[in-house]
Amino acid sequence: MKSITEFQKYKQSGIPISMITCYDYWSASIINKTDIDAVLVGDSVAMVMHGYKDTIAADVRMMALHISAVHKGLTDKLLIADFPFLAHRKGKKYALDAVEIFMKQGANAVKIEGGSPVADLIRYIVDSGIPVMGHLGLTPQSINLLGGFQIQGSSKEAADRIFTDAKRLEDAGCFAIVLEKIPSNLAKRITKSLSVPTIGIGAGKHTSGQILVLQDVLGLTMNFNPKYLRKYLNGIELITKALNSYNADVKKKKFPSSKESY
Ligand code: KIV
């Protein structure tokens, strides 16, 4: 995908949208050659690449650095950039300054966490010509309020609140909405009643598309095994094996060989 207008086309024709997170140049260069539809430079970068326990440490500077690196490798796909903790709660000028930095580093759109309270700001950003993706359900920037990373929308009231928020975000002009860790039947209800696509993570199979964290898909994250995650590679095992082979060759003076020497 090269443009957000394709999100709508995919939903209309019933083609699921595949998304993956990415934080750096070399993995962006690999993703660029795959069939994956679009990429998110998520604020999960704070956890996956910088070792923080949650996404609260991500800020505009950290995001801008990673957006710029991903953009250099991702020449053929849509790049969506996450708004970090509180960047959308410090007033319109702060938000628009962040949008400007992200777009100038190569983002094609931004993603903002939250429901009705952020709808007016989303409208303002969309009216400024910037596509916005919403994010409902488990919104990791609010984990201190939510009490952790658990499933959201399990009670009827909570489900209705997320449903109403989804409608508000669509009205505010979001071109798509991420639904994170909510019951599958709620995701189905939202997806059916919106005209814009939904992108699920831990939200079942009835969303218009799926997103996962790259390192989770490749089996590169330690001690992270949520029910929703399918690993397509045992990356940790493969990398450990490769590095141990290199170490063994060095120790046994098998590397470098004469062919690998000048
Ligand atoms: O930051 C992130 O990686 C995300 C996705 C999991 C949706 O927001």
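Is Gln141 buried or exposed? At 7% relative accessibility, Gln141 comes out as buried (buried is under 20% relative accessible area, exposed over 50%, and partly exposed in between, with a 1.4 Å probe and protein chains only). The model is a predicted one, so local features need pLDDT of at least 70 and side-chain atom pairs count only at pLDDT 80 or more, while totals for chains, interfaces and linings use all residues. Residues are numbered from 1 along each chain as its sequence is written, and side-chain values use heavy atoms, with hydrogens and water left out.

Gln141 sits in the loop between strand 5 (132-137) and helix 7 (143-146); helices (H or I, at least four residues) and strands (E, at least two) are DSSP runs numbered from the N terminus. Its side chain makes a polar contact with the side chain of Asp43, at 2.6 Å. A polar contact here is a pair of N or O atoms within 3.5 Å; within protein, one must be able to donate a hydrogen and the other to accept it, and residues adjacent in sequence count only if both atoms are side-chain atoms.

Asp43 also takes us to the ligand, as an N or O atom in the Asp43 side chain is 2.9 Å from a ligand oxygen. Taken alone, the ligand exposes 260 Å², and the protein buries 95% of that (accessible areas are from the Shrake-Rupley method with a 1.4 Å probe; for residues, only the protein chains shown count as cover). Residues around the ligand, meaning those with a heavy atom within 4 Å of it, include Thr21, Asp82, His135, Ile201 and Ile211. Sorted by class, this shell has 4 nonpolar, 4 polar and 3 charged residues. In that sorting, Ala, Val, Leu, Ile, Met, Phe, Trp, Tyr, Cys and Pro are nonpolar, Asp, Glu, Lys and Arg are charged, and the others, Gly among them, are polar.

The largest pocket holds about 890 Å³ of space. Of the 37 residues lining it, Ile211, Leu212, Val217, Arg230 and Tyr232 are the closest to its centre. Elements giving two or more residues to this lining include strand 1 (17-21), helix 2 (25-31) and strand 8 (209-212). The lining has 23 nonpolar, 9 polar and 5 charged residues. On a 1 Å grid over the protein atoms alone, a pocket is an open set of points with protein on both sides within 12 Å along at least five of seven lines, and lining residues have an atom within 4 Å of a point. Grid points are joined across faces, edges and corners, and the volume is the space filled by probe spheres set on the points.

Elsewhere, Leu169 in helix 8 (residues 156-172) counts as buried because its relative accessibility is 0%. Its C-alpha atom is 9.0 Å from that of His135, 34 residues apart along the chain.

Most residues other than glycine have a negative phi, and most peptide bonds are trans. Leu86, in the loop between strand 3 (78-82) and helix 5 (92-104), has a positive phi near 65° and is partly exposed at 38%. Lys253, in the segment after helix 11, has phi near 60° and is exposed, with 73% relative accessibility. Pro256 is also found in the segment after helix 11 (235-251), and a cis peptide bond with omega of about -5° joins Phe255 and Pro256.

Terms used: 1 Å grid on protein atoms, 1.4 Å probe; cavity = no way out; pocket = protein on both sides within 12 Å on 5 of 7 lines; lining within 4 Å.
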